[in-house]
Amino acid sequence: MKKKITAVVLISAMTVLLAGGCQKENESGGSVKIYYNAIESGDYYEGWADQLKEQAEKNNAEFQAGYAEKSVETQVTQIKEAQKDGSNVFLCGLVTPDITAEIKSAAGAAPIVFINNAPPDSQLEKDRYIYVASDEFMAGQYQAEFILEKFADKDEINVMILKGPKDASGAIGRTDGLKQTLKASGKKINYVFEDYANWSGDIAKELTGMFLRTKRPVDCVAANNDDMAIGAVTAFEEAGADTGSTLFLGVDASAGGCSAIAEGRMDFTVYQPMSAQITAAVEAARNLAEGKGIKEMDGASEDGKYILLPFEKVTAGNVKDYQ
């Protein structure tokens, strides 16, 4: 079983009979209606929606979900329609951080809990527009620390980086954490290849195959997620390249990533506490809908704009705890 962070205590709600039927009520007398707008459909975000719905039901809140299919126009339209239909708090995975102001306008007076992709800090507001996630910089930092530990005797390290989408906060934070930590080591770091594989194992495999044809030496492949790391490993294997002397690192501790580590194909990943993020996002949404703040919640920042839950390092030595 993958390690879970203990969920915070959930707030119960009163149920009263209204003229139109049975409706769930919050402490201030109005129903909590959560609308989650995801970046796109598919197993990953629909999995988020399923777990968010489960948590909403435990919180006696109504829940609906929509999928923007990576379209800015669709996301704005869906938020507007949900606001008109009575949703009074939103969970939003931004298609791009550039439209944060438009999303806030579309939501009207309703508060927003951003998840999946971070808005600019300047667009967040204490106890009204907040972001729930883990510190993406830390994931890259943990990758770099593992690399430096394994290559402690090397003065020069050749690094390949496979990144998520260009404007994704996870890709930016993880890459920055990796690079800044490697730079601080004082070692000579050669970035022999760096490109966007957009979270895709297939694209990562294709890009890695192209790189291998250059015959340039590489000591480690640091990917922003596990799928891309596995894609890189597969490209090495299919090309007959040596995987024993190359480190392969991912992020997420996905089922595939953990299996690859257990099999000796990958070396390292970082567990992102998705279940804890989902629990926190729903509780925060309920608090904001009821006019409460997030100050007492685990991981809440002092400025009231963030809830950040810690990543965890996963290696062959502890991977069984995450499977």
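Let's start with the sulfur. The structure holds 0 disulfides. Bear in mind that this is a predicted model.

Is C92 buried or exposed? C92 counts as buried because its relative accessible area is 0%, and the cut-off for buried is under 20%. C258 is buried as well, because its relative accessibility is 1%.

On to the cores. The largest nonpolar core has 30 residues. Those with the most contacts inside this core are I34, Y36, L52, L91, V113, I115 and I307. Which elements supply at least two residues each? They are the strands β3 (33-38), β5 (89-92) and β7 (129-133), together with the helices α1 (43-58) and α9 (274-289). The largest share comes from α9, with 8 residues.

If we leave out neighbours within four places in sequence, I115 is in contact with Y36, W48, L52, L91, C92, G93, L94, Y131, V132 and A281. So C92, the cysteine with 0% relative accessible area, turns up again among the contacts of I115.

Rolling a probe the size of a water molecule over the atoms shows where empty space is left.

The largest pocket has a volume of about 910 Å³. It is lined by 40 residues, and the closest to its centre are Y44, Y45, W199, N225 and D252. Two or more lining residues come from each of α1, β7, α5 (169-184), α7 (226-239), α8 (255-262) and α9. The largest share of this lining, 5 residues, belongs to α1. By class, the lining has 15 nonpolar, 14 polar and 11 charged residues.

The second largest pocket comes to about 280 Å³. How many residues line the second largest pocket, and which are the closest to its centre? There are 17, and the closest to the centre are A118, Y131, E136, S169 and Y306. Here β7, α4 (136-150), α5 and β13 (306-308) each give two or more residues. The largest share comes from α5, with 3 residues. This lining divides into 10 nonpolar, 3 polar and 4 charged residues.

Notes. Residues are numbered from 1 along each chain as its sequence is written. This is a predicted model: local features need pLDDT of at least 70, side-chain atom pairs count only at pLDDT 80 or more; totals for chains, interfaces and linings use all residues. Side-chain values use heavy atoms; hydrogens and water are left out. A nonpolar core is a set of buried Ala, Val, Leu, Ile, Met, Phe, Trp, Tyr and Cys residues joined through side-chain atoms within 4.5 Å. Buried means under 20% relative accessible area, exposed over 50%, partly exposed in between (1.4 Å probe, protein chains only). Helices (H or I, at least four residues) and strands (E, at least two) are DSSP runs, numbered from the N terminus. Contact means heavy atoms within 4.5 Å. A disulfide is a pair of cysteine sulfur atoms within 2.5 Å. On a 1 Å grid over the protein atoms alone, a cavity is a set of points where a 1.4 Å probe fits but cannot get out, and a pocket is an open set with protein on both sides within 12 Å along at least five of seven lines; lining residues have an atom within 4 Å of a point. Grid points are joined across faces, edges and corners, and a volume is the space filled by probe spheres set on the points. Ala, Val, Leu, Ile, Met, Phe, Trp, Tyr, Cys and Pro count as nonpolar, Asp, Glu, Lys and Arg as charged, and the others, Gly among them, as polar.
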